[in-house]
Number of protein chains: 2
Amino acid sequence: MTGLRARQKADRNRRILDAASALFREVGYDSARIEDIAERAEISVGTFYNYYENKGDILLATVSMEVEEVLSAGRAIVDNPPASVMGALDALIGEYYDHSLYYLSKEMWRTAMAISIQQPESPFSKRYTELDRRLCDQVSTLILKLKAKGVVAIDVDAEAVGEMLFHNLNTMFTEFAKRETMSLDDLKARVSRQNRPLATLIATR
Amino acid sequence: MTGLRARQKADRNRRILDAASALFREVGYDSARIEDIAERAEISVGTFYNYYENKGDILLATVSMEVEEVLSAGRAIVDNPPASVMGALDALIGEYYDHSLYYLSKEMWRTAMAISIQQPESPFSKRYTELDRRLCDQVSTLILKLKAKGVVAIDVDAEAVGEMLFHNLNTMFTEFAKRETMSLDDLKARVSRQNRPLATLIATR
DNA sequence: AAAAAAGATTGAATGAATTCATTTTTTAAG
DNA sequence: CTTAAAAAATGAATTCATTCAATCTTTTTT
């Protein structure tokens, strides 16, 4: 049986995570004070810092949850992709984008991105970077799969192409998060247009 | 003749800028306290805030200087580009990258990027975003120029291709700034490889 | 040249994240 | 079951960016 200490630890950790993500949604990241998170989780401020290195860490824990779900949804598309290059890309990227606002607001995304850039050595930045890498790999894998199906030309460097496509969709997502007025549809349309030249050129004729 | 007040203002502004950029280089952005900047510039903390809205704003001046110079160097290459697509891209992007660490450390770049993402409505972010847009346009313009020279196929969407190339080189630069161990040569080699498929495919055969 | 108005400077006060020495709780040993 | 050691929790103190009411300096007006 698990020791009391371990159970309490897990319980507190969950309470902190729940309290924080609820507060972030209610009042936004910046206005949520550690003191308030601690109060809601029924712990002290100091205890918060025993569980998370800093305020940003707890946000990135939420982001992890989000991205894991997206990766899992993406796997289904990669395993059985639409028959055209543009169709497959639109499906995978559409999945990513549609899912993105499920747990996180634009403000929360912006903050998570900012932290992961500014403190690249923190554990959660490493985690965030790793999630990005897995998304990037998933796009490359899609291209590989399309090669295997004969939809993409055999001599295409799938990894290089995947990286370029991912970096583009990623930058565009950052721009989306920065502009409060930009809609998901705008985003998808613009990325789709940007993808078209490369998608057309790597397709078997 | 300029009034005393205007002269004093310009003088103080320069002293603040010099003090701040010197301190940022010496101890890093995070460790440079406003109080220290003020002391070195021989002004009070309050006065600092009469000249700059916040700590991040003072990075803007440095970043602007940097990017303006890069844009101007890039113009020379766009006006008279190497004869191959890969050659032209490597030249332009190499120019961008080589110049990047002239005034700014990786840490300063990370901070600037983080601020521009986190506070998209601030003057800083708007300026930074505008500089990014001009860089992006420059890449598109290069592709246009290569079309005009008959090096790139006539039916290529130069804007879409330029955007994709820029977003890729931009994301890769962010990664470069995040990894203290990554060298400029690594960066250039990786981007060059990523560019190759698209570069090859849009070239006239 | 004196007085009034406008413009700037100042640093103490504020507010929020983070630290750390102390206290409390849990586990392991005898 | 007691007690020593280890692990965790605690919140008051610290640090630092930012604000603002009071003061000082320059310019304009009379």
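A residue is called buried if 20 or more other C-beta atoms lie within 10 Å of its own, exposed if 12 or fewer do, and partly exposed in between, the C-beta atoms being placed from the backbone. The legends below describe a predicted model, in which local features need pLDDT of at least 70 and side-chain atom pairs count only at pLDDT 80 or more, whereas totals for chains, interfaces and linings use all residues. Residues are numbered from 1 along each chain as its sequence is written, and chains are lettered from A and ligands numbered from 1 in the order in which they are written.

**View 1. V67(A) in helix α4 of chain A.** V67(A) lies in helix α4 (residues 55-79) of chain A, where helices (H or I, at least four residues) and strands (E, at least two) are DSSP runs numbered from the N terminus. Because V67(A) has 23 C-beta neighbours inside 10 Å, it counts as buried. F24(A) is 43 residues away from V67(A) in sequence, and the C-alpha atoms of the two are 18 Å apart in space.

**View 2. Chain A as a whole.** The secondary structure of chain A consists of 9 helices and 0 strands, and the C-alpha trace of this chain spans about 65 × 45 × 25 Å along its principal axes. Of the 205 residues in chain A, 39% are buried. Two residues are in contact if their C-beta atoms, placed from the backbone, lie within 7 Å; among contacts in chain A between residues at least 6 apart in sequence, 66% join residues at least 24 apart.

**View 3. Packing of helix α1 against helix α2 in chain A.** Helix α1 (residues 4-27) and helix α2 (residues 34-41) of chain A pack at an angle of about 130°, with their axes 8 Å apart; axes are lines fitted to C-alpha atoms, for helices over the stretch in contact, and angles run from 0 to 180 degrees between N-to-C directions. That angle is why α1(A) is described as oblique to α2(A), given that angles under 35 degrees count as roughly parallel, over 145 as roughly antiparallel, 65 to 115 as roughly perpendicular and the rest as oblique. On the α1(A) side, R15(A), I16(A), A19(A), A20(A) and L23(A) meet D36(A), I37(A), R40(A) and A41(A) of α2(A). The residues of this contact of α1(A) with α2(A) comprise 6 nonpolar, no polar and 3 charged, where Ala, Val, Leu, Ile, Met, Phe, Trp, Tyr, Cys and Pro count as nonpolar, Asp, Glu, Lys and Arg as charged, and the others, Gly among them, as polar.

**View 4. The surface near DNA strand C.** Of the 20 residues around DNA strand C, those that come nearest are G3(A), R5(A), N54(A), S44(B) and G46(B); a residue is near a molecule or strand if its C-beta atom, placed from the backbone, lies within 6 Å of it. Two or more residues of this surface are given by each of α1, α2 and α3 (45-51) of chain A and by α1 (4-27) and α3 (45-51) of chain B. The most, 4 residues, come from α3(B), and by class the surface near DNA strand C has 6 nonpolar, 7 polar and 7 charged residues.

**View 5. The surface near DNA strand D.** DNA strand D is surrounded by 20 residues, of which S44(A), G46(A), G3(B), R33(B) and N54(B) are the closest. Here α3(A) gives the most to the surface, with 4 residues, and the classes come to 6 nonpolar, 7 polar and 7 charged residues.

**View 6. The side of chain B that touches chain A.** In this interface, 28 residues of chain B are in contact with 28 residues of chain A. The elements of chain B that give two or more residues to this side are α6 (106-118), α8 (158-178) and α9 (184-202), and the largest share, 11 residues, comes from α8(B). By class, the side of chain B that touches chain A has 13 nonpolar, 8 polar and 7 charged residues.

**View 7. The crossing of α8(A) with α8(B), and H167(A).** The axes of helix α8 (residues 158-178) of chain A and α8(B) come within 8 Å and cross at roughly 85°, which means that α8(A) is roughly perpendicular to α8(B). The contact is made by residues of both helices, including M164(A), N170(A), M164(B) and N170(B), and by class it has 4 nonpolar, 8 polar and no charged residues. H167(A), placed in helix α8 of chain A, counts as buried because it has 26 C-beta neighbours inside 10 Å. Leaving aside its neighbours within four places in sequence, H167(A) is in contact with H167(B), N168(B), T171(B) and M172(B). H167(A) and C136(A) are 31 residues apart in sequence, and their C-alpha atoms are 7.8 Å apart in space.
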